[in-house]
Amino acid sequence: MKRAIPVVALSIAGLIPVWRYEPSIGGTTSSTAEPATTPSASTTAASGTVVKGTTITTDKGPVQVQVTFSGDRITAVKMLQQPDHPQTTAAVPVLISETLKAQSADIDTVSGATITSDAYKKSLQAAIDKNTKSASASPSASASASASASASASAASKVVAGSTVSTDKGPVQVQVTFSGDRISAVKMLQQPNHPQTTAAVPVLIAETLKAQSADIDTVSGATITSDGYKESLQAAIDAKV
């Protein structure tokens with residue numbers, strides 16, 4: 001049985017409209033619910049193949065994701081539709097973070113947001129299946145595009161570790177991946193072993209990828225970790241320059 005990821009209720013209304021993790025995540029938008037059987041659609045963009053998952057109708061409201069793939073790798077997830085509920089708002093960045101880590105829909109359900117989690121995974125799996133089917137139809141073109149994107153990303157990427165910041169809760173250190181001047185990924189090298197920190201980290205990373213700087217809001221309930229994160233992040237940005 002899957003374990004549940006604990007989520008601390010955060011007073012972060014309006015804080016997480018966007019989760020980009022380039023791997024990145026996109027913003028939440030409100031739209032009219034479609035039937036759960038609506039087929040996925042896909043488009044090819046410079047950044048990769050964008051695929052919409054099916055719209056899943058739940059008791060809380062419709063859930064639909066949009067996934068960006070580089071070959072068969074998930075590089076970004078964006079919520080197109082989601083319930084307007086605090087627990088969903090807190091759960092979405094955790095679900096996206098876990099997706100980018102697992103590179104599949106085989107992720108844990110977020111405690112307190114079971115309905116949204118289950119629908120998210122169904123819509124996500126539909127997008128993955130759609131991408132796999134498209135790739136199978138033209139394996140040579142897909143492999144070529146994937147290799148080209150990988151080579152381009154490797155050539156332009158630079159990984160920089162920020163300074164270790166000592167806090168009352170424990171050390172905080174981030175590692176930042178830059179694609180040119182753009183922050184494309186943030187990884188925690190050190191962080192306090194605390195539930196509020198665990199819940200705050202994906203929010204901080206999402207805000208960083210959105211702002212493309214350390215000028216982001218502090219997460220309520222995790223002020224110490226937030227301040228340490230921003231200090232280490234700024235050090236990495238300064239070191240890159």
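Student: Is Lys101 buried or exposed?
Tutor: Lys101 is exposed, with a relative accessible area of 63%. Keep in mind that this is a predicted model.

Student: Okay, and which residue does Lys101 form a salt bridge with?
Tutor: With Glu98; the closest N and O atoms are 3.4 Å apart. That counts because the cut-off is 4 Å.

Student: Where do Lys101 and Glu98 lie?
Tutor: Both lie in helix H1, which covers residues 86-102. They are three residues apart, about one turn of the helix.

Student: And Glu98, buried or exposed?
Tutor: Glu98 is buried, at a relative accessible area of 17%. It gets that label because the cut-off for buried is under 20%.

Student: How many salt bridges turn up in the whole structure?
Tutor: Two, from a search of the whole structure. Besides the Lys101 and Glu98 pair, there is a salt bridge between the side chains of Lys240 and Asp181, at 2.9 Å from N to O.

Student: Which parts of the chain does the pair of Lys240 and Asp181 link?
Tutor: Distant ones: the two residues are 59 apart. Lys240 belongs to helix H5 (residues 223-240), while Asp181 sits in the loop between strand S10 (173-179) and strand S11 (182-190).

Student: What's the relative accessible area of Asp181?
Tutor: It's 71%, so Asp181 is exposed. Lys240, on the other hand, is listed with the buried residues of H5.

Student: Which other residues in H5 are buried?
Tutor: Quite a list: Thr225, Ser226, Gly228, Tyr229, Lys230, Ser232, Leu233, Ala236 and Ile237, along with Lys240.

Student: What do those buried residues pack against?
Tutor: Against S9, S10, S11 and helix H4 (195-211).

Student: Let's do the strands, then. In what order do S9, S10 and S11 come in their sheet?
Tutor: The order is S9-S10-S11, three strands in an open sheet with antiparallel pairing. Strand S9 (157-161) and S11 are the edge strands, each pairing on one side only. On average, neighbouring strands of this sheet are turned by 20° against each other, ignoring direction.

Student: How does H5 sit on that sheet?
Tutor: H5 packs on the sheet and touches S9, S10 and S11. The direction of H5 makes about 40° with that of S10.

Student: How many bridges join S10 to S11?
Tutor: Seven, and the two strands run antiparallel. If you want a spot to look at, find Val174, which stands opposite Met188 in S11.

Student: Remind me, through what do strands of a sheet pair?
Tutor: Through backbone hydrogen bonds, in either a parallel or an antiparallel way.

Student: Back to H5. How far apart are its end C-alpha atoms?
Tutor: They are 26 Å apart.

Student: New topic: where is Ser123?
Tutor: Ser123 is in helix H2, residues 114-137. It is buried, with a relative accessible area of 0%.

Student: What is Ser123 in contact with?
Tutor: Leaving out neighbours within four places in sequence, Ser123 is in contact with Gly53, Thr54, Ile56, Val63, Gln64 and Val65.

Student: Last bit, the whole protein. How many helices and strands?
Tutor: Five helices and eleven strands. Buried residues make up 46% of the 241 residues.

How values were computed: Residues numbered from 1 in each chain as written. Predicted model: local features only at pLDDT ≥ 70, side-chain atom pairs only at ≥ 80, totals over all residues. Heavy atoms only, no water. Helix = DSSP H or I, 4+ residues; strand = E, 2+ residues; numbered from the N terminus. Buried < 20%, exposed > 50% of the residue type's maximum accessible area, 1.4 Å probe, protein only. Pairing = 2+ DSSP bridges. Axes fitted to C-alpha atoms, helices over the stretch in contact; angles between N-to-C directions. Contact = heavy atoms within 4.5 Å. Expected span 1.5 Å × (residues − 1).
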